[in-house]
Amino acid sequence: MYSPKDIIDLLAANVRRTRNPFGVPKRLMNRWWKGLELPARADTLLYTGLMYQAAPYIEQTTSMLERFEDSKWAPYIGYARWMPNYLAGLGLYLMADGKEKTRAAGTLKNIVRILQSSGIRFGYRPELDFYSGILLYDLGDLDGFLEHARFVADRLQQAGVRRLITVDPHTTYALKVLYHKYLGTRLEVKTYFELAQFPPAGGDRSDTTGPVVVHDPCFYGRYLELSEVPNRLLTGLGYHCVPVRNSGPFTSCCGGPAESISPKQSREIMQRRVEELQATGAPIVAMCPICMGNLRKSGAQVEDLSTFLARAA
Amino acid sequence: MSDKNQREQDRSQPGAAPRVGVYICHCGGNISDHVDVEKVCSDLAQTPGVEITRHNMFMCSDPGQELIMEDVKSGKVDRVVVASCAPSLHETTFRNALIRAGANPYIYEHANIREQVSWVHHGAAATAKATRLVAAAAAKAARLQPLEPIRVPAEPHAVIIGGGVAGLKAAAELAGRGIAVTLVEKSPFLGGHTAQWDHLAPTGEAAREVVAELAAAALSNPLVSIITSAEVTALEGYVGQFTLTVTRRPPAASDLPEQLPTAAVGAGAPGTFVPGHGILPAPLPEESETRRIKTGVVILATGFRPYTPKRGEYGYGEWEQVVTLPELIRILAEQQQQPPPEPVLTVNGRAVRRIALIHCVGSRQIPGIHEERPDGTLNQYCSRTCCTALLHAANEIRQRFPAVHVIDCYRDIRTYGRGQEELYTQAGRNRVLFLRFEAEDAPVVETAPPGSESPLQVRVKDTLTFGEEVQAPVDLVVLGVGMEPGPIPELIEMMKLPIGEDRFLQEVHPKLRPVELAKAGLLLAGTCQSPMDVGEACSAAASAAVKAAAILGRGLVELDPFVAQVDPNRCRGTGLCLEACLNDGALELVSCERAGEAGRRAQVNPALCLGCGACVAVCPEGAIQVNGWTLDQFEAMVDAIVADQQAA
Amino acid sequence: MATISTQFVEELEHYGVDTTMDCFNCGTCAAICPLIYEHFPRRMIRYAQLGARERILEQANDLWHCLHCGLCTLTCPRQADPGELILGLRRLVVAEWRRADHV
């Protein structure tokens with residue numbers, strides 16, 4: 001286990017400096033939208049919270065952390081703040097897997113297609129698309145979270161944003177629940193799949209149908225009680241959602257949230273969950289970049305919900 | 001003479017052979033799956049004296065009973081044997097069926113072929129044993145004589161010993177049914193321990209109001225007379241006809257409360273409530289006096305006393321900051337009203353900030369862990385009321401004095417009644433901190449280390465913290481003392497009251513006869529029987545009152561006729577039976593004339609005779625028999641069993 | 001030996017937790033927690049009830065094993081919100097660390 005104090009100090013310093021926990025400059029991280037020509041002015045904005053974009057860096061960081069956990073080097077993690085090229089910042093950017101970056105961009109492009117084909121009018125403004133700060137909240141750095149959240153909320157308010165379309169459970173929970181609870185912000189926050197609409201079943205969709213098993217993220221299944229929506233969409237598209245032990249409000253954690261403090265523990269929990277999911281024999285549907293990255297470490301076949309929905313869009 | 005009696009007499013004419021009917025029950029297969037009921041019937045049909053044999057799926061059902069009643073009414077049979085389950089279950093059922101058929105209920109004999117046969121034997125052996133038992137019963141039945149129950153006139157009066165809530169409740173209930181009551185109370189006050197409390201858990205109603213209401217209900221009825229400062233010093237007689245001696249004495253000055261308003265006592269203002277003591281119904285007696293009271297029943301409502309911790313038990317008696325729950329209740333009741341925001345709880349002149357409560361003090365004691373009394377006994381029972389009372393006090397403290405923190409050290413929380421578990425939930429909401437200890441690791445109360453802000457500290461090996469020892473500085477320790485039986489050794493000795501292992505008075509059966517003592521006419525009400533809360537004590541008292549009213553209501557008491565009877569022609573007055581007799585007064589020797597000479601013979605007092613037969617065994621003349629269980633009846637049963645064996 | 005501090009519960013209110021004493025130590029949280037780790041979070045909650053600050057600080061790192069998955073809060077029979085209590089303890093510990101850093 002890593003010293004939580006070191007990790008928190010590192011992440012908090014990164015957020016303060018770069019507004020994201022990895023210290024990677026946003027202009028390098030967030031490039032998926034280029035060439036899509038999404039409208040910039042709209043009171044309804046697509047808001048990624050940079051979580052999908054961060055997935056490749058999370059994976060890179062955790063694989064390094066996992067290698068060093070319990071080694072004699074672990075105590076030196078705290079010095080990373082003064083060694084930005086190793087665990088944070090530009091160095092991390094260069095080390096992260098290019099294929100993963102492409103995959104993350106693909107997920108977001110799929111979501112754009114789903115929204116467009118559902119007839120939703122929305123814009124995207126990369127300069128307003130900030131990390132939500134949720135990790136600092138989860139780790140107990142309430143002051144750091146609030147400082148950052150205020151920064152984000154102020155920018156959104158100044159730009160006149162009223163409605164946000166989110167793409168991952170962590171950002172959704174932060175903006176919908178935490179920003180409101182702690183800052184009193186009044187934003188209408190919906191996930192993209194709550195807005196997704198497909199023509200009534202019919203036509204030839206046989207190529208897309210088959211059994212799937214849905215892994216509900218804790219935030220969607222338990223905190224926000226949204227797990228019915230993806231199930232309904234997938235069923236409407238002809239998929240058979242195989243029931244899995246522990247789902248909906250009782251869904252099992254993928255282990256992901258522990259990966260920055262104790263990668264080993266994270267892996268144990270992930271393996272238990274993967275066994276539950278694989279017992280169904282169906283391909284796994286994830287809808288959170290953290291779950292996705294963590295479940296994939298097992299080698300299991302995991303696809304993002306947007307991939308399935310985009311096939312029908 | 002009615003037709004019925006005429007018929008009965010005809011049948012029981014000497015010489016007229018009795019006609020026995022045998023009725024065998026299948027018990028829905030319980031019996032007939034293992035006993036060949038039809039074979040038993042056909043075998044019995046061959047037995048001399050047996051007139052009819054029948055069997056039925058359920059003999060206790062209405063059609064089953066009808067079968068018997070028809071045969072009796074038509075005169076086919078005049079003795080009845082039912083072979084079925086244990087007599088404790090249905091003997092009374094069938095005796096009552098005989099009464100409904102116009103017959104004497106004592107021409108009945110019961111054979112148990114379920115518990116004693118079909119549940120324990122199988123196959124041919126079961127059938128053989130059943131046949132033997134039924135044949136024995138039939139042989140006895142042929143020799144049964146009609147008997148009359150012993151009828152004792154009942155004095156329409158009840159004496160209640162004890163003027164606490166149970167005694168008052170029983171008095172009011174009985175008087176409400178038109179039965180005269182004398183209530184005898186040892187102290188000058190009514191209301192018992194309840195009068196010493198402030199508010200009652202779980203409802204929070206004022207204890208003095210409950211006491212006042214119960215006392216008013218009793219005092220306002222002219223059928224109730226109350227004798228305070230008095231004790232029952234002698235008991236004679238039997239149910240329906242008891243005579244009690246009641247002695248009234250001026251209370252010793254040391255027994256009187258200091259704050260007793262002497263003016264009120266002197267002026268004899270009845271009905272005055274003296275805080276902390278109860279209702280004073282009458283002036284104190286100035287001289288001793290003794291009176292005798294005739295009564296039909298006696299209700300014991302002698303109550304409990306709170307356990308007194310031994311010196312040093314959790315520091316009791318060593319530090320003034322260690323008090324019992326009744327003492328805390330007084331302290332809370334006497335706190336001055338204080339203005340918000342921060343009322344201060346003051347005990348012995350010191351502000352209290354943290355209180356530790358300790359449960360199960362003097363209750364649920366375990367051999368080998370707790371110290372036995374000199375007589376080797378322990379209070380192994382749960383006192384039942386202390387958990388709720390402690391939580392009630394904890395909530396009161398937290399609500400009245402929010403700055404005072406409460407630490408509750410318990411073994412198990414047993415808030416068992418309506419509205420009581422809510423007190424536990426409330427205690428959580430009131431932020432009472434619970435620590436749980438095992439009996440063998442009781443909390444330790446000790447002086448706090450130097451520099452502590454509190455005089456004492458409590459150390460607990462807390463099972464809720466996985467057995468870690470935790471300590472807390474405290475300003476007050478409250479011991480949740482349990483209930484012990486009231487100190488009534490003289491009554492127990494004098495009235496030969498049965499006591500249980502827990503030293504409380506013991507009923508005949510907790511479910512079937514819950515308020516009766518083995519001695520007929522003695523009833524139990526309230527905490528003399530076991531720890532109870534006020535509601536339960538009142539409920540038990542009402543139940544005792546109903547039982548008393550049922551006994552007295554008919555003006556006479558009927559007792560089973562299974563008592564000893566002396567054959568005056570045979571008795572030689574040896575007096576051996578008196579020596580063997582287990583119940584004083586059941587037998588006596590009376591003068592008589594025998595062949596022109598003065599002599600003595602034994603005489604039975606049927607109301608006192610237990611029917612045990614000890615006298616029968618010692619009489620050299622065979623002059624004493626127990627009705628319904630005579631020696632010739634026993635011999636006939638043995639003959640029947642042996643004859644059957646020889647035949648087999 | 002842990003010393004009970006009855007004021008600690010009030011201090012925790014500053015970190016957003018007002019359900020500490022609602023817990024009646026049933027252990028459902030520890031049974032459902034995916035960590036299956038040393039009676040987590042029940043033991044921590046117990047220390048919070050006792051106000052055993054030194055125990056919490058000694059074992060502070062254990063707080064960060066929590067996945068914030070919310071199963072304990074969902075299943076708590078007393079609505080004592082164990083998940084939020086762990087978050088609150090993290091906040092308290094972070095504040096302690098920050099105070100120490102500034103000294």
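I take two strands as paired if DSSP finds at least two bridges between them. Helices (H or I, at least four residues) and strands (E, at least two) are DSSP runs, numbered from the N terminus.

The model is predicted: local features need pLDDT of at least 70, side-chain atom pairs count only at pLDDT 80 or more, and totals for chains, interfaces and linings use all residues. Residues are numbered from 1 along each chain as its sequence is written, while chains are lettered from A and ligands numbered from 1 in the order in which they are written.

**Entry 1: the sheet of chain B**

I traced an open sheet of 5 strands in chain B, ordered β10-β7-β6-β16-β29, with parallel pairing. β10 (224–227) and β29 (522–524) of chain B are the edge strands; each has a single partner strand, so one side of each lacks a neighbour in the sheet. On average, neighbouring strands are turned by 20 degrees against each other, direction ignored. For angles, axes are lines fitted to C-alpha atoms (for helices over the stretch in contact), and values run from 0 to 180 degrees between N-to-C directions.

I then checked one pair. Strand β6 (residues 157–161) and strand β7 (residues 180–184) of chain B run parallel and share 5 bridges. B:V159 has B:T182 in β7(B) as its bridge partner.

Next, the helices on this sheet. Helix α7 (residues 165–176) of chain B packs on the sheet and touches β6, β7, β10 and β16 (297–300) of chain B. Its direction makes about 165 degrees with that of β7(B). Contact here means that the C-beta atoms of two residues, placed from the backbone, lie within 7 Å. Helix α14 (residues 534–552) of chain B lies across β6, β16 and β29 of chain B, at about 175 degrees to β16(B).

**Entry 2: which chains touch**

I found 2 pairs of chains that touch, and chains A and C have the most contacts. No contact joins chain A and chain B; their closest C-alpha atoms lie 24 Å apart.

For A with C, 23 residues of chain A meet 15 residues of chain C. On the chain A side, α1 (4–18), α11 (218–223) and α13 (263–278) are the elements that give two or more residues. I sorted that side by class: 13 nonpolar, 6 polar and 4 charged residues. Ala, Val, Leu, Ile, Met, Phe, Trp, Tyr, Cys and Pro count as nonpolar, Asp, Glu, Lys and Arg as charged, and the others, Gly among them, as polar.

For B with C, each chain gives 15 residues. On the chain B side, β26(B) has the largest share, 5 residues. β26(B) also runs parallel to strand β1 (residues 2–3) of chain C, joined by 2 bridges. B:Q471 stands opposite C:T3 in β1(C).

**Entry 3: two helices of chain A**

I looked at helix α6 (residues 98–117) and helix α15 (residues 305–312) of chain A. Their axes come within 9 Å and cross at roughly 40 degrees. That makes α6(A) oblique to α15(A). Angles under 35 degrees count as roughly parallel, over 145 as roughly antiparallel, 65 to 115 as roughly perpendicular and the rest as oblique.

In α6(A), A:T107, A:N110, A:I111, A:R113 and A:I114 meet A:S306, A:T307, A:L309 and A:A310 in α15(A). By class, this contact has 4 nonpolar, 4 polar and 1 charged residues.
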